[in-house]
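Got the sequence and the 3D view open?

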Amino acid sequence: MLPSQPLLHAAAFALAVLQALASDTFTAAVYEHAVILPDATDEPVSPDDALALMNKNMDVLEGAIKEAAQQGAHIIVTPEDGIYGWRFTRETIYPYLEDIPDPAVNWIPCTDPTRFAPAPVQERLSCMARNNSIYVVANIGDKKPCNSSDAGCPSDGRYQYNTDVVFDPEGKLVARYHKYNLFRRETQFNYPKEPEAVTFETPFGKFGIFTCFDILFREPAVVLVSELQVDTVLFPTAWMNVLPFLTAVEFHSAWAMGMGVNLLSANTHNISLAMTGDGLFTPEGPAAYHYDSGTEEGCLLLAELSARPRLSPTYPPAVNWSSFATSIKKFPGEKDTFLGAVRRDIFTFSELRRKAGNYTVCQGDLCCHLIYWMANKSKDEVYVLGAFDGLHGSLIKYHWQICTLLKCKSTDLNTCGQPVETAQTKFETFSLSGTFGTNYVFPEVLYSGVQLAPGEFEVLRDGRLKSKHGTSKPLVTATLFGRLYEKDLPHPLRTAP
């Protein structure tokens, strides 16, 4: 007699667990999704119409999930807004929301879809995970009723949350996270009353999860990594690229290196909004990444990662980010400076007028030191050393300390800090350091064409970001991003819902 389908599934799941336990690595996938968007409307659509749109997106995601599983992936992360898109008011998003229970209820929507309120999206995601024996991470919307006894209850009687869910290879809901740091345009959602630090154990390490804008703040990002010691962070995002610094692949790779964890970053893809760039990032650099501002295609990435990177023999040593920079005298050049804007942030810049040299630029409590030698200085290109020590952001303000070797957009110094994607000048060597007031510093090098530089630079234990292999590819920027979380201003919008 042939074994039943449940027995076959249980056997396959047990085998997958044993295989994962037998290895110090696991295979992860992220999918950059070109989201099918709803029509702009001021009136809510019917629940059936909302589900029809979500099913179109889930059709695409299901194809990516099946392909990832066939290639041996143990987990796949899909993007923020990947199932219903954006263009919503508080009222118009409501038909797209489901009531997502606490994972403690031990629920497999695929096999018990009627246990809670109608939840066709959770049911389908659960079945995608179960049918492919893979962890599935997705971003959807949660709704929670409230009443007048709750002083923070909105006037429409419900909370609405930007929410990540995780289903394990049996289809069980194992994690639910409500986004804590909403971007300024996310007025359709409520802020949770308290930040959530969501973790769950897998056969291949301890995982944490948060969403997009959360990565820039102490809660939950630093709490998960520094206090709860997760091995891997799951990161659904809808990231609008902002050159020269806050480009998705650039900053997400830098964050993974600075924090010493794996980051599985899945972005939405919409080139009209400069949304592209996802990757599988590790403490040693990117294992795989994708950046495409020219087409409308989605992209599936897979890579084998260390399950517990802190135990890996290649795990980078601890860095004292200010050690070198505070031990030396200032190099010449700090008097020959000018101010320039990177978006709204006013940097202090010094032009690199020679082919080789030593420079120092200071702003506030931060002094940035650079030692460099250009291999082929293009006459049509200008580079500067820049320092920024202050609050960033137009509404929600948080404190950066940034040291950067940066290509200007043109030979006009007034263009220094404006978006740049390409360069011709190569550097034989460079060494960048700063007197940072924090240990949370994120290093990255960006080459021409928005290309990362895995293996092409190193961070020394004394805080120097150095080139490794002689002549570089044409360089756009080498940057150290420091975050002084304790100097952030109080959040102007986050009040009790």
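Glutamate 227 forms a salt bridge with arginine 218, and the closest N and O atoms are 2.4 Å apart. A salt bridge here is a side-chain nitrogen of Lys or Arg within 4 Å of a carboxyl oxygen of Asp or Glu. Glutamate 227 has a relative accessible area of 47%, so it counts as partly exposed, and arginine 218 is partly exposed too, at 35%. (Buried means under 20% relative accessible area, exposed means over 50%, and partly exposed is in between, with a 1.4 Å probe and protein chains only.)

Before going further, remember that this is a predicted model: local features need pLDDT of at least 70, side-chain atom pairs count only at pLDDT 80 or more, and totals for chains, interfaces and linings use all residues. Residues are numbered from 1 along each chain as its sequence is written, and side-chain values use heavy atoms, with hydrogens and water left out.

By the salt-bridge rule, the count comes to 16. Here are some of them:

| Pair | Closest N and O atoms |
|---|---|
| Glutamate 227 and arginine 218 | 2.4 Å |
| Aspartate 142 and lysine 144 | 2.7 Å |
| Arginine 353 and glutamate 351 | 3.5 Å |

Are aspartate 142 and lysine 144 buried or exposed? Both are buried. Elsewhere, salt bridges that share partners join Asp59, Glu62 and Arg124 into one network.

Now look at helix α4, residues 218-227. Helices (H or I, at least four residues) and strands (E, at least two) are DSSP runs, numbered from the N terminus. In α4, Pro220, Ala221, Val222, Val223, Leu224 and Val225 are buried. What do the buried residues of α4 pack against? Their partners are β5 (173-178), β6 (199-202), β7 (205-209), β8 (232-237) and α5 (248-259).

Most residues other than glycine have a negative phi, and most peptide bonds are trans. Yet a cis peptide bond joins glutamate 219 and proline 220, with omega about 10°, and proline 220 sits in α4. Just after that helix, glutamine 229 takes a positive phi of about 55°. Another cis bond runs from leucine 243 to proline 244, with omega near 10°; proline 244 lies in the loop between β8 and α5.

Last stop: leucine 391, in strand β17 (residues 383-392). At 33% relative accessibility, leucine 391 counts as partly exposed. Leaving aside neighbours within four places in sequence, leucine 391 is in contact (heavy atoms within 4.5 Å) with residues including Asp345, Lys397 and Leu489. The C-alpha atoms of leucine 391 and aspartate 345 are separated by 8.0 Å, although the two are 46 residues apart along the chain. As for lysine 397, you'll find it in the loop between β17 and β18 (398-407), where it counts as partly exposed at 31% relative accessibility.
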